[in-house]
Amino acid sequence: MSEPPPVYTQQPGQPPQQQYGMQGQSTDYGVKSGPPPPPGPQPPQPQQNWMPAPTAAMGMSPGLAYLTQIDQLLVHQVVELMEVFTGWECRNRYEIKNSMGQQVYFAGEESDLCMRQCCGPARGFQMHIVDNTQQEVIRVNREFKCCAGCCWCANLDTCAFELAVEAPVGQVVGYVRQSQYCWVPEYDILDANRDLVLKVKGPCCVCQGVCCTWDQEFVVYDKGMKTELGKISKQWGGLGREMFTNASNFSLTFPLDLDVKMKATLLGATFLIDFMFFEQKNN
């Protein structure tokens, strides 16, 4: 089954911008297009509380300017009702908010339909991250690798999960690569030149299921593994959410003065951890 083609829009003097959705549909995620409302008074519609767009410094991607004022991101996966009731694997979507509850970004997965059903969480994907103007500001790419995921042989490129983070689209700012380990999951956070900048170390036993009511913490260290700089925490979502869905909630913390490119790369690491450990294998 073919995926709907992307829609492109173009602003005067700017290259075409890609929108995600079918022609004639709203590209505002979570807002469905449809016939005009009937005449007469209308009930009030809820307004999404978006973070105001800051001014980008010279040479900085406008999409990364949001991250200059943030030391915490809350990543909340949207519950897909079709997936809950049928088990049909849908594309993942995430609301990304700051600590005040203001939405900073919205992330939507693009992946092959057959690969989602047959390969589950091992599938390749692109994660398109848009701001409050519905412009794509960050893109996360993970290629499909048939033999990837084995922790003991992750020193081999063919056996290690890896994703690239682009901001703006087309310009790689960092990579997240699964490291070789025996029991404790580890990840290398690399810059655009593939030089090691940060390390992420997870718990010895990643607990999944309704009984795991505590946070699953993946600690962010400096490259020497001596100083703790932040955490990627998978948070308990409540009994109903954990029992009937695979929608996950994460908290991502980092130093306020951390390079915004590494902040974006750590956001990509959050998606990789979600797919590797918290996407239920329905197939």
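Let me begin with helix H4, residues 260-278: at 1.5 Å a residue its 19 residues should span 27 Å, and its end C-alpha atoms lie 26 Å apart, which agrees. The expected span here is 1.5 Å times one less than the number of residues. Helices (H or I, at least four residues) and strands (E, at least two) are DSSP runs, numbered from the N terminus.

This is a predicted model, in which local features need pLDDT of at least 70 and side-chain atom pairs count only at pLDDT 80 or more, while totals for chains, interfaces and linings use all residues. Residues are numbered from 1 along each chain as its sequence is written, and side-chain values use heavy atoms, with hydrogens and water left out.

H4 is mostly covered, with 18 of its 19 residues buried. Buried means under 20% relative accessible area, exposed over 50%, and partly exposed in between, with a 1.4 Å probe and protein chains only. At the start of H4, a side-chain oxygen of Asp 259 comes within 3.1 Å of the backbone nitrogen of Lys 261. For the protein chain as a whole, there are 4 helices and 14 strands, and 47% of the 283 residues count as buried.

I turn now to Ser 179, in the loop between strand S9 (172-178) and strand S10 (186-191). Is Ser 179 buried or exposed? Its relative accessible area is 6%, so Ser 179 is buried. Its side chain makes a polar contact with the side chain of Asp 188, at 3.0 Å. Such a contact is a pair of N or O atoms within 3.5 Å; within protein, one must be able to donate a hydrogen and the other to accept it, and residues adjacent in sequence count only if both atoms are side-chain atoms.

Next, the salt bridges. The criterion is a side-chain nitrogen of Lys or Arg within 4 Å of a carboxyl oxygen of Asp or Glu, and the count comes to 8. One of them joins Glu 109 and Arg 123 at 2.7 Å, N to O. Glu 109 belongs to strand S5 (residues 103-110), and Arg 123 to the loop between helix H2 (113-119) and strand S6 (125-130). Both residues are buried.

Another joins Glu 217 and Lys 231 at 3.2 Å. Glu 217 lies in strand S12 and Lys 231 in strand S13, so this pair ties together parts 14 residues apart in sequence. Glu 217, at 31% relative accessibility, counts as partly exposed, as does Lys 231 at 25%. Finally, salt bridges with shared partners join Glu 162, Arg 177 and Arg 194 into one network.
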